[in-house]
Amino acid sequence: MEETFIEITPQQAWDMMQNEGAVLVDIRDAIRFSYSHPQDAFHLTNHSYGKFLDEYDYDQPILVSCYHGVSSRNTAQYLVEQGFERVYSVKGGFEGWVRADLPIETAY
């Protein structure tokens with residue numbers, strides 16, 4: 001079986017962050033990320049990927065969030081291919097996170 005990621009709901013993602021030490025990576029653009037993002041999210045970009053590799057382990061749960069839950073799938077699959085063992089794509093992305101009324105951090 002080919003290694004792949006699992007799709008989860010924003011609520012499941014938040015629960016994993018609280019209980020399993022999962023890290024949420026937000027792959028949206030810098031302006032939108034700086035304006036608002038899920039609480040404790042890591043802003044994953046081509047530039048921050050090295051820092052991400054330094055800070056997180058391959059066996060740590062990685063939750064990938066984007067705008068609507070589409071482009072996060074490609075990034076999640078990429079991370080699986082890089083050797084991360086537990087990778088999840090957050091359904092609905094940041095919009096889903098907001099709709100689920102989960103904690104966010106904002107610039108104001």
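Which residues does Gln-60 touch, not counting residues up to four places away in sequence? Gln-60 touches Gly-21 and Arg-86, where contact means heavy atoms within 4.5 Å. This is a predicted model, in which local features need pLDDT of at least 70 and side-chain atom pairs count only at pLDDT 80 or more, while totals for chains, interfaces and linings use all residues. Residues are numbered from 1 along each chain as its sequence is written, and side-chain values use heavy atoms, with hydrogens and water left out.

**Annotated span**

- According to the unreviewed UniProt entry, the annotation "domain: Rhodanese" covers residues 18-106; UniProt positions are given in the numbering used here, feature names are shortened, and annotations may be inferred rather than shown by experiment.
- Residues 18-106 are 37% helix and 22% strand, and the end C-alpha atoms of the span lie 20 Å apart; helices (H or I, at least four residues) and strands (E, at least two) are DSSP runs numbered from the N terminus.

- Gln-60 is found in the loop between helix H3 (49-55) and strand E5 (62-65), and at 19% relative accessibility it counts as buried (buried means under 20% relative accessible area, exposed over 50%, and partly exposed in between, with a 1.4 Å probe and protein chains only).
- Gly-21, in the loop between helix H1 (10-19) and strand E2 (23-26), is partly exposed with a relative accessible area of 39%, and beyond residues up to four places away in sequence Gly-21 touches Met-16, Gln-60 and Pro-61.

**Buried serines in strands**

- Ser-89 lies in strand E6 (residues 87-90) and is buried at 0% relative accessibility; its side chain is joined to that of Ser-72 by a polar contact of 2.8 Å, a polar contact being a pair of N or O atoms within 3.5 Å, of which, within protein, one must be able to donate a hydrogen and the other to accept it, with residues adjacent in sequence counting only if both atoms are side-chain atoms.
- Ser-65, placed in strand E5, is likewise buried at 0% relative accessibility, and its contacts outside four places in sequence include Leu-24, Ser-72, Val-90 and Phe-94.

**Aromatic rings**

- Rings of Phe, Tyr and Trp (its six-membered ring) pair if their centres lie within 6.5 Å, with planes under 30 degrees apart counted as stacked, over 60 as edge-to-face and the rest as tilted; by this rule the count comes to 8 aromatic pairs.
- Trp-14 and Trp-97 form an edge-to-face pair, 5.9 Å centre to centre with 80° between the planes, and because Trp-14 lies in helix H1 and Trp-97 in helix H5, the pair ties together parts that are 83 residues apart in sequence.
- Trp-14 is buried at 14% relative accessibility, and Trp-97 is buried at 0%.
- The ring centres of Tyr-58 and Phe-84 are 4.4 Å apart and their planes stand at 35°, so this pair is tilted.
- Tyr-58 is partly exposed, with a relative accessible area of 40%, whereas Phe-84 is buried at 3%.
- Ring pairs link Phe-42, Tyr-49, Phe-52, Tyr-56, Tyr-58, Tyr-78 and Phe-84 into a cluster.

**Backbone**

- Asp-40, in the loop between strand E3 (36-38) and strand E4 (42-43), has a positive phi of about 70° although it is not a glycine.
- Asp-101, in the loop between helix H5 (93-99) and strand E7 (104-106), has a positive phi near 60° and is exposed, with a relative accessible area of 69%.
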